[in-house]
Amino acid sequence: MDHEVGEARVAFAVPRKVGGAVVRNRLRRRLRAHLPACGPAPGLYLIRVFPGAETSSGPELRSHLERAVERATRAAA
């Protein structure tokens, strides 16, 4: 897996319990849109999404994402 130094690569695990393909893909796009504001440290991340996230407001989703990135960064350190 090649990635440049200083780059953060993020994948989202969105199970079928969250919704159909359209709902899951829309949620991934929403999460990716909030990702730059979270400022993840360089590295590889896998963020699991739980049912209920699809109904979250934008600010609420961003807050959850920020906490997930923060927890992943601390766990890696």
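**Exercise 1.** Identify the residues with the most contacts inside the largest nonpolar core, and the elements that give two or more residues to this core.

*Solution.* In this predicted model, the largest nonpolar core has 13 residues.
Step 1. The residues with the most contacts inside this core are Phe12, Val14, Leu27, Leu31, Val49, Leu65 and Val69.
Step 2. Two or more residues come from each of helix H1 (21-38) and helix H2 (58-76). The largest share, four residues, belongs to H1.
In soluble globular proteins, nonpolar side chains tend to be buried together.

**Exercise 2.** Compare the reach of H1 with its expected span, and state what its buried residues pack against.

*Solution.* Step 1. H1 contains 18 residues, and at 1.5 Å a residue a span of 26 Å is expected.
Step 1. From first C-alpha to last, H1 reaches 25 Å, which is close to that expected value.
Step 2. Arg24, Leu27, Arg28, Leu31, Leu35 and Cys38 are the buried residues of H1. They pack against strand S1 (8-13) and H2.
Step 3. After H1 comes Gly39, with a positive phi near 55°.

**Exercise 3.** Describe the lining of the largest pocket.

*Solution.* Step 1. The largest pocket holds about 420 Å³ of space.
Step 1. Its lining comprises 18 residues, with Ile47, Arg48, Phe50, His64 and Ala68 nearest the centre.
Step 2. Strand S2 (43-48) and H2 each give two or more lining residues, and H2 supplies the largest share, eight residues.
Step 3. By type, the lining divides into 11 nonpolar, three polar and four charged residues.

Terms used:
Residues numbered from 1 in each chain as written. Predicted model: local features only at pLDDT ≥ 70, side-chain atom pairs only at ≥ 80, totals over all residues. Heavy atoms only, no water. Core = buried A, V, L, I, M, F, W, Y, C linked by side-chain atoms within 4.5 Å. Buried < 20%, exposed > 50% of the residue type's maximum accessible area, 1.4 Å probe, protein only. Expected span 1.5 Å × (residues − 1). Contact = heavy atoms within 4.5 Å. 1 Å grid on protein atoms, 1.4 Å probe; cavity = no way out; pocket = protein on both sides within 12 Å on 5 of 7 lines; lining within 4 Å. Points joined across faces, edges and corners; volume = space filled by probe spheres on them. Nonpolar A, V, L, I, M, F, W, Y, C, P; charged D, E, K, R; others polar.
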